[in-house]
Amino acid sequence: MSYYGSTDYLANDDFVLRMKDIRKGNLDLGWMKAGTEQVEIHAENKKRGLTYLDLNKGSYGYDDLEEVPRGPRGIAPRGASYDVADQADMGPELNRKSDVWAYKVASFYEETLSRQWDATTDIPWRDLDKYEVPLEVEIAFAQLCTMLTEVEMVATDLPAKWCWRMNNQFHEVKGFLAGQAMDEARHAEVFRKRALAGGVGLMQGSPQAEHSLKAILDCDTYSEASAFMHLLAEGNILTMFRFSEFISPTALDKRMFQLVMQDEARHVSYGLQHLKWIVDQAPERREQLHAALDEAENFSLKQFDSALFEAMIVLAGKGTSPEQIKKGVEIVGTLQIKQVEEYFQRLQRAGFGERIERSKFRDLLAAISLKQQDPALPA
């Protein structure tokens, strides 16, 4: 243990005497005069219940939270009384609101709680035996589930890595990230269960994807990591989830992708709104984020390894005959174009549209002859 108390309290006479006094009923009650603010709180929407949005008032609120809240560096909750001199310094590294904040983050947190689901009971696993899926298609689906399990494990680690480094004044963001870690752990669970329940089991790991995912974990700042993971990587995965629902071999699989999509869309929205907050509140950090996305896009180009690419083609074409492979190639080509188009749309919505001209993805599609013209730019 590296953090030792400055006092051995069992050898402290004052402390022991005070404990004995309290046990005799001699209370001080000074804590009842904390002098904190009293506010009138009601649930604005009775069906929704009492939310963080309803608590956004006075010293308890987040709207008036300054860019650098010069309050406690410990764990005194926002709005509580505290003495800085007595507080433990938890050493938070992210102390600026623009380091972590996003528009609508309290709403994202509430949605995280209200839309939880259970990978054990909300997927009709017993129905899987009712479907006759060709073996080659089932193997391809197991390969897809293997890669998605890898992705979701890193997506679980990333919010956990940064959450404890944030100042506790930003508890709405920390709550959202804690919920995201739970979402991602559940996604890894459901894809692992699906691969095994289909009788094939897990397939080949994807070293190309692993290098890209490691780069997310190694980002120098949280905002760089968020731009890489929420905006780019999870955005691409969200498009892949929609596509995978379309090509899923069973209704059970479609249900699985519908559930993971609702979570992933929330994570992507947070990333978009965090980037928008930085663009609006700390525009001097634009070039830092451009440089991070230069490298993020470079790593993303490697994510489509041949095993995954071929598995998607087999799934889209529903088999491995020449005609089925030809059809699969055409369909998967539209997925890659769609991923780039939706990424550009997110940049535009975040007020970061200048990124589109600099993006490596414009040249990618031309290089692999997927499309003669650039991806469609958002209106």
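A search of the whole structure, which is a predicted model, finds 0 disulfides, a disulfide being a pair of cysteine sulfur atoms within 2.5 Å. Cys 163 takes part in none, and the nearest cysteine sulfur, that of Cys 219, is 17 Å away. That separation is too far for a bond. Cys 163 is buried at 15% relative accessibility, and Cys 219 is buried as well, with a relative accessible area of 12%. Here buried means under 20% relative accessible area, exposed over 50%, and partly exposed in between (1.4 Å probe, protein chains only).

Residues are numbered from 1 along each chain as its sequence is written. Local features need pLDDT of at least 70 and side-chain atom pairs pLDDT 80 or more, while totals for chains, interfaces and linings use all residues; side-chain values use heavy atoms, without hydrogens and water.

**Salt bridges**

The count comes to 24 salt bridges, each a side-chain nitrogen of Lys or Arg within 4 Å of a carboxyl oxygen of Asp or Glu. Among them are the following pairs.

| Glu 93 | Arg 165 | 3.6 Å |

Asp 294 in helix α9 (residues 286–300) and Arg 358 in helix α12 (residues 355–358) are 64 residues apart. Helices are DSSP runs (H or I, at least four residues), numbered from the N terminus. Glu 93 is partly exposed at 47% relative accessibility, as is Arg 358 at 33%.

The structure holds 2 cavities of 30 Å³ or more. On a 1 Å grid over the protein atoms alone, a cavity is a set of points where a 1.4 Å probe fits but cannot get out, and lining residues have an atom within 4 Å of a point. A volume is the space filled by probe spheres set on the points, which are joined across faces, edges and corners.

The largest cavity has a volume of about 80 Å³. Of its 11 lining residues, the closest to the centre are Val 151, Leu 213, Ile 216, Ala 233 and Glu 234. Helices α4 (135–163), α6 (207–217) and α7 (222–247) each supply at least two lining residues, and α7 gives the largest share, 4 residues.

Terms used: On a 1 Å grid over the protein atoms alone, a cavity is a set of points where a 1.4 Å probe fits but cannot get out, and a pocket is an open set with protein on both sides within 12 Å along at least five of seven lines; lining residues have an atom within 4 Å of a point.
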